[in-house]
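Subject: Structure handover

Hi,

Here is the structure I promised to pass on. Have a look at it first, then read on for my notes.

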Amino acid sequence: MSFTLQTVEEAKILAEMKESEKKRYLFNGTLDPGFREKNGSIILIVGESSRRASWSLYGYKRKTNVFMKAMCEKYPDNYILFKDYRATGQTTYPNLMSIFSVMPAKEFPEMPRHPSFVRILKNVAYRAYFISTYQNIFMSFIGADENIIAKSGDDDSLVPELEQVLEDKKHQKKIIVMHLKGSHFAFTDYNYSYADYIFPSDNPMIDKYDNSIVNTDLFLKKIADLVMKSSEPLCMWYMPDHGENLNDFGDGNLGHGCGSFTCFELELPSIIFFNNAFLEKNPMIRNVSRNSSFTVSHSNVSQTIMGLSGIYPREYRKTYDLSSDEYRYEEPYVIDCDLFPVKYSKATIQE
Ligand SMILES: [Zn+2]
């Protein structure tokens, strides 16, 4: 959202995406033998500019996750908190592409030539929805059946939209993508209506940021509540696109993508909530839980959702699928400012 001007490389990628979107996609792959029984819906919630360091579920000193913490305590067997989830870039562009593409970040230049995982799921058996308060730059690449753009600019207004989608019983399997405004506030002109939850300190910028994290926490709690109260098999997965710098090194670095990589941009929170009906239909979610202690990244998202759905297109890679028995840890890649993929261990990251 609210991007800086597109670089030449980014413009080229978008043009290439437009070309492949025009091409007809016909599913070419295999389906899990139990595919028909695997009904249920997946809600993918993509946040904005939310850094792990500001989440109390990961040890931040301020209580920014009181609502989700209560949910985790109430349903200890129904959530997965990823220990070390990483972005694949500093900015919205490469990160959103990585989340929705079926190609891993190390093959970044290949991404525009392949359909999004949403388009693949839609092509087989899913009804696909995109719900947001604004038009996402990759909306046509994502390629949902229905794009629902809420009139109000507030993330909270997406909850009733989601409820409506869930109530529609015409479709058994749904893939629902939500893109939040989240914490993308400090350096843009977005106005937020969230309340102040944090007792003010002498740093109003940090206070404002922390309040936005609590607001997202409350939002996620509302969605997790919907998941747990539903009799349909439901699963939600949250991850932000990237994190945020808040002048952590005293060098005036604010926002994201403004300098060399920092841990605050790349280290993200990520959480899954699923109800018992979903677990019954998709017992492989237990593997995701087991593999949640590995370092994972955006490159695991599409593969894991396809794995859980039992849909294996040509581009499916079981070693990236956290729900697969054949998942194998592989060091993630990060996309540099020239849109070039580098191994995390080879990148210079300010910590
Ligand atoms: Zn972003």
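Which residues in H6 meet which residues in H7? On the H6 side they are Val 159, Leu 162, Glu 163 and Leu 166, and on the H7 side Lys 222, Ile 223 and Leu 226. By type, that contact divides into five nonpolar residues, two charged ones and no polar ones. Bear in mind throughout that this is a predicted model.

A bit more on that helix pair. H6 covers residues 158–167 and H7 covers residues 204–229; their axes come within 11 Å and cross at roughly 15°. With angles under 35 degrees counted as roughly parallel, H6 and H7 are therefore roughly parallel to each other. The crossing of H6 past H7 is right-handed.

Next, the seven-stranded sheet. This one is open, with the strand order S3-S13-S8-S2-S7-S5-S6 and mixed pairing. S3 (79–81) and S6 (146–149) are the edge strands: each has a single partner strand, so one side of each has no neighbour in the sheet. On average, neighbouring strands here are turned by 15° against each other, direction ignored. H6 comes back into the picture at this point, because it packs on the sheet and touches S5 (127–132), S6 and S7 (174–179). The direction of H6 makes about 175° with that of S7.

Some pairings in that sheet, if you want to step through them:

- S2 (residues 41–47) runs parallel to S8 (residues 234–240), and the two pair over seven bridges. Ile 45 stands opposite Tyr 238 in S8.
- S5 and S7 are also paired in the parallel sense, over six bridges. Here Ile 131 stands opposite Met 178 in S7.
- S5 and S6 pair in the parallel sense too, over four bridges. The bridge partner of Tyr 129 is Glu 146 in S6.

How much of S5 is buried? Five of its six residues are, so I'd call the strand mostly covered.

There is another sheet, with three strands. It is open as well, ordered S12-S4-S14, and its pairing is mixed. S12 (267–268) and S14 (295–297) stand at its edges with a single partner strand each, so one side of each is left without a neighbour in the sheet. S4 (residues 84–86) pairs with S14 in the parallel sense over three bridges, and Arg 86 has Ser 297 in S14 as its bridge partner.

Last item: H11 (residues 301–309). Is this helix buried or exposed? Mostly covered is the answer, with nine of its nine residues buried. Those are Val 301, Ser 302, Gln 303, Thr 304, Ile 305, Met 306, Gly 307, Leu 308 and Ser 309. And what do they pack against? The partners are S2, H3 (92–100), H4 (117–124), H10 (285–291) and S15 (311–313). S2 is also a strand of the seven-stranded sheet described above, which is a handy way to find your bearings when you move from the sheet to this helix. Just after H11 comes Gly 310, which takes a positive phi of about 75°.

That's what I have for now.

Cheers

Note on methods. Residues numbered from 1 in each chain as written. Predicted model: local features only at pLDDT ≥ 70, side-chain atom pairs only at ≥ 80, totals over all residues. Pairing = 2+ DSSP bridges. Axes fitted to C-alpha atoms, helices over the stretch in contact; angles between N-to-C directions. Parallel < 35°, antiparallel > 145°, perpendicular 65-115°, else oblique. Left-handed = near helix turned anticlockwise from the far one by under 90°. Contact = placed C-beta atoms within 7 Å. Nonpolar A, V, L, I, M, F, W, Y, C, P; charged D, E, K, R; others polar. Buried ≥ 20, exposed ≤ 12 C-beta atoms within 10 Å, placed from the backbone.
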